[in-house]
Amino acid sequence: MTNPITIQNADELFDDQVEIDAFQEASNQYLMLGIIAGATLAIEQLVDAAVTPEDVAALPAAVEAIKNMSLECAEHALETTKGSLNKLLQQALEDGWSNDKLADAIVEKYENIKKVRALRIARTETTGAVNKGIVETLKIEGVRYKVWVAIFHNTRDTHKQAHFETHANPVPIGNNFIVGESPAEAPGDSSLPPEERVNCQCTVVSGNFTDIFEKQYAIMFIREHSSIERPFKSRMKKEFEKQLKRVLLRL
Ligand SMILES: [Zn+2]
């Protein structure tokens, strides 16, 4: 056969460190914007807050959270991409595709990755960052209780349940929420399993909030969230485009 496939495994298509560094760097600034937006939202809930959003973003807990979130996000993105390219490669090897045919299929696969996964990453990570900013601000301002806010009616049942349970019994600020069977400091917490985390757009407020204010707050949260999610998604798309070029060079 002319032009045979030269690789056996998707691992051969990536320099892991290059990919992780690129995606980590790309997400850092949006996570930072998320923390600042969260701190701003939290400060608006409080009377006479002493901290500024910039103070919150400079807290060791916030800096550490951004580093961990961007690293986990980059590692997870690479794993997922390798998984889907390995499936493709398996089919290619079984069906005896040429290297050119494999390249075309990879280009097509990346169209889907750009469309679906860029949004998923931006949405999920923005939620995690904004809520981290909110919780850190509530903590530093001495707020004692927090509640989970499930904004959308079509959200997961476990998140609706967390909403109703914590509105009845607010959670001490330093404790974890329990969603499904998983502990979480806030919605979008990076320690949550994907089934409780991906595409979540829930938020968190002080336990002293009234339902009327909470509705306005939810609207503000969604507005801030979208203003970060949109450019974050575009940036992720660009990173996947650049990654595709690196991948094709290794075929
Ligand atoms: Zn949710």
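Please keep in mind that the model is predicted: local features need pLDDT of at least 70, side-chain atom pairs count only at pLDDT 80 or more, and totals for chains, interfaces and linings use all residues. Residues are numbered from 1 along each chain as its sequence is written.

Let us start with the whole chain. The protein chain holds 7 helices and 5 strands; helices (H or I, at least four residues) and strands (E, at least two) are DSSP runs, numbered from the N terminus. Read from the N terminus, the order of elements is α-α-α-α-β-α-β-β-β-α-β-α. The C-alpha trace of the protein chain spans about 75 × 35 × 25 Å along its principal axes. Of its 251 residues, 40% count as buried. Here a residue is buried if 20 or more other C-beta atoms lie within 10 Å of its own, exposed if 12 or fewer, and partly exposed in between, with C-beta atoms placed from the backbone. Among contacts in the protein chain with a separation of 6 or more, 80% are between residues 24 or more positions apart; two residues are in contact if their C-beta atoms, placed from the backbone, lie within 7 Å.

Now for the helices, with H1 as our guide. Which angle do the axes of H1 and H3 make where they cross? Helix H1 (residues 16–45) and helix H3 (residues 60–95) cross at roughly 135°, and their axes come within 8 Å. Axes are lines fitted to C-alpha atoms, for helices over the stretch in contact, and angles run from 0 to 180 degrees between N-to-C directions. By definition, a crossing is left-handed if the near helix is turned anticlockwise from the far one by less than a right angle, and right-handed if clockwise. On the H1 side the contact includes Phe23, Leu31 and Ile35, and on the H3 side it includes Ile66, Met69 and Leu78. The residues of this contact of H1 with H3 divide into 13 nonpolar, 4 polar and 3 charged. In this count Ala, Val, Leu, Ile, Met, Phe, Trp, Tyr, Cys and Pro are nonpolar, Asp, Glu, Lys and Arg are charged, and the others, Gly among them, are polar.

H1 also packs against helix H4 (residues 99–140), with the axes 7 Å apart and an angle of about 45°. H1 and H4 are therefore oblique to each other, and H1 passes H4 in a right-handed crossing. Residues of H1 in this contact include Tyr30, Gly34 and Gly38, while those of H4 include Ala129, Gly133 and Ile134. The contact of H1 with H4 divides into 13 nonpolar, 7 polar and 2 charged residues. Leu31 and Ile35 of H1 take part in the contact with H3 and in the contact with H4.

Next comes the sheet. An open sheet of 3 strands has the order E2-E1-E5, with antiparallel pairing. Its edge strands are E2 and E5, each pairing on one side only; two strands pair if DSSP finds at least two bridges between them. Strand E1 (residues 145–149) is largely enclosed by the rest of the structure, because 4 of its 5 residues are buried. E1 pairs with strand E2 (residues 171–172) over 2 bridges, and Tyr145 has Pro172 in E2 as its bridge partner. Towards E5 there are 4 bridges: Val147 stands opposite Val205, and Val149 opposite Thr203. Helix H5 (residues 157–168) lies across E1 and E2, running at about 150° to E1.

Finally, two loop residues deserve a look. Asp48 sits in the loop between H1 and helix H2 (53–58), and its phi is near 55°, a positive value in a residue other than glycine. Asp48 counts as exposed because it has 6 C-beta neighbours inside 10 Å. Its C-alpha atom is separated by 9.7 Å from that of Glu141, 93 residues apart along the chain. Asn199 is found in the loop between helix H6 (194–197) and strand E5 (203–206). Asn199 has a positive phi of about 65° although it is not a glycine, and with 13 other C-beta atoms within 10 Å it is partly exposed.

Conventions: Angles under 35 degrees count as roughly parallel, over 145 as roughly antiparallel, 65 to 115 as roughly perpendicular and the rest as oblique.
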